[in-house]
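Here is a set of questions on how terms are applied to a protein chain. Each answer sets a value against a rule and draws a conclusion.

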Amino acid sequence: MKANIGLFGFGVVGQGFYHILSQKNGSAPGRIARICVRSRDKQRSLPAQHFTFDPADILDDPDITHVVELTDRPEDAFRIVQQALQRGKMVISANKKMLSDRLGEISELQGQFPGALLYEASACGSIPVFQNLERYYAHDEVHRIQGIFNGSTNYILTQMTEQGLSYAAALAQAQALGFAETEPALDVDAHDPASKLALLTAHALGCPVTPEAIFRFGIRTIQPADIAFAARQGRKIRLLGQATLLPDGRLEAWVLPAFVPVDSPFYALNNEYNGVQIESKYMENQVLSGKGAGSLPTGFAVLGDLAASVRPGHTGYTRMQLARSTRPDTDTLLHLYLHFPDAVSRALLPELVPETQENTVAGLQVRGRVALHHLMARRQALLDAGVFLARWEDRN
Ligand code: HSE
């Protein structure tokens, strides 16, 4: 079977997907019949007859078998996915925010209608993490998944570390390269990796969790002094997401910068690379890495879904059916590095038990321990005061 595709969105990923498909000619698993876009004013790289502005031209066309949703507005994306599934079409999406916010509704829809939904490109770009979990972990028991889930922030951290670029210059480059979200706060404040971790947690651990339930602290407040501190310790700062199912059934989940040591699988992952480490009962420890953002790597993940969906008997994801109830753990004691610009900001976290501290021209650099729930309560105040924090990785 070849797919007859209606594509929604023609941004970085949409164009990458289009480009790859058009290079495959006869061997492609499908052809794009129509592209639906929102803006009538944008200059497009294809002639006008390829485009429509009316979603019904795709959704109500019975000849369109596959809907590929690559828009960046979560509400629009949900409506497209919902209506496509209701019409029995196969659906592919990369909208991590929409998917993670509405996974329950989407799972129900898939149960009610014959189509199915795949979303490999929604997390870790080119790394086939959902397929891997589906195919090889069906009979294993995963207790932890962690990794670098955002290419833009990894690019910024790499450029600040390796090239001495300022945070603003590195962010501007990440935007110019098409890695960042339209609203880059989603990247630097770690909303985007929290959405991806929520999806991965559901698939890997069978735990439904909303992105809001995942504690996150991004890299907006990072200073060159923090990069220099890491270098002096032989470490690198990486933004890591981690979800752990504890033996008593509670779930520990966060996205936090971390000082990773040289023997960490994430130490050598630079620029837009992502990495994911899966820990399970039988296979124990598996690490995958690859490009996590960018037009062609992410477009290729969409193509992978398309190829999977035209195979006879394909029914979509099954691992999600493991879903169990989730009790979040917020008592965990975190081992952290914190950089307080001044004494006023240090006073915001009196519960922090310091182990080492150093007064520098850039402020107070402290290593110590604090319970996660104290951080959760003070998160916004710490950010407003310009505090940077990162986990001090005790283990890999
Ligand atoms: N803004 C995202 C990132 C794009 O930087 O990882 C890929 O999901």
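**Salt bridges, domains and strands**

By the salt-bridge rule, the count in this predicted model comes to 18 salt bridges.

Q: Why is the meeting of Lys-96 and Glu-181 called a salt bridge?
A: The rule asks for a side-chain nitrogen of Lys or Arg within 4 Å of a carboxyl oxygen of Asp or Glu. The N to O distance between the side chains of Lys-96 and Glu-181 is 2.9 Å, so the pair qualifies under the 4 Å limit. Side chains of opposite charge can pair when their charged atoms come close.

Q: What makes this pair a tie between parts apart in sequence?
A: Lys-96 belongs to helix α4, while Glu-181 sits in the loop between α8 (167-176) and α9 (185-188), so the pair ties together parts that are 85 residues apart in sequence.

Q: How do you know that Lys-96 and Asp-192 meet in a salt bridge?
A: The side chains of Lys-96 and Asp-192 come to 3.1 Å, N to O. The cut-off is 4 Å, so this pair counts.

Q: Which two domains is the protein chain divided into, and how many salt bridges lie between them?
A: Domain 1 covers 3-118, and domain 2 covers 134-294 + 326-392. Between domain 1 and domain 2 the count is 2 salt bridges. Also between them are 4 residue pairs in polar contact, both residues at pLDDT 80 or more. Helix α4 (residues 96-101) gives the largest share of the side of domain 1 that touches domain 2, with 5 residues. By class, that side has 3 nonpolar, 1 polar and 4 charged residues.

Q: How do you know that domain 1 and domain 2 are in contact, and what are the numbers?
A: Contact means heavy atoms within 4.5 Å. By that rule 8 residues of domain 1 are in contact with 12 residues of domain 2. The two domains bury about 820 Å² between them, 63% of it on carbon and sulfur atoms. Their C-alpha centres lie 32 Å apart.

Q: What makes β4 and β5 a pair of strands?
A: Pairing needs at least two bridges. Strand β4 (residues 66-69) and strand β5 (residues 90-93) have 4 bridges, in the parallel sense, so they pass the rule of at least two. One of the residues concerned is Val-67, whose bridge partner in β5 is Val-91.

Q: Why are β3 and β6 called edge strands?
A: The open sheet has 6 strands in the order β3-β2-β1-β4-β5-β6, with parallel pairing. Strands β3 (51-52) and β6 (117-118) each pair on one side only, and that makes them the edge strands.

Notes:
Residues are numbered from 1 along each chain as its sequence is written. This is a predicted model: local features need pLDDT of at least 70, side-chain atom pairs count only at pLDDT 80 or more; totals for chains, interfaces and linings use all residues. Side-chain values use heavy atoms; hydrogens and water are left out. Domain bounds come from an automatic or database domain assignment. Buried area is the accessible area (1.4 Å probe) that two parts lose on being put together, summed over both. A polar contact is a pair of N or O atoms within 3.5 Å; within protein, one must be able to donate a hydrogen and the other to accept it, and residues adjacent in sequence count only if both atoms are side-chain atoms. Helices (H or I, at least four residues) and strands (E, at least two) are DSSP runs, numbered from the N terminus. Ala, Val, Leu, Ile, Met, Phe, Trp, Tyr, Cys and Pro count as nonpolar, Asp, Glu, Lys and Arg as charged, and the others, Gly among them, as polar.
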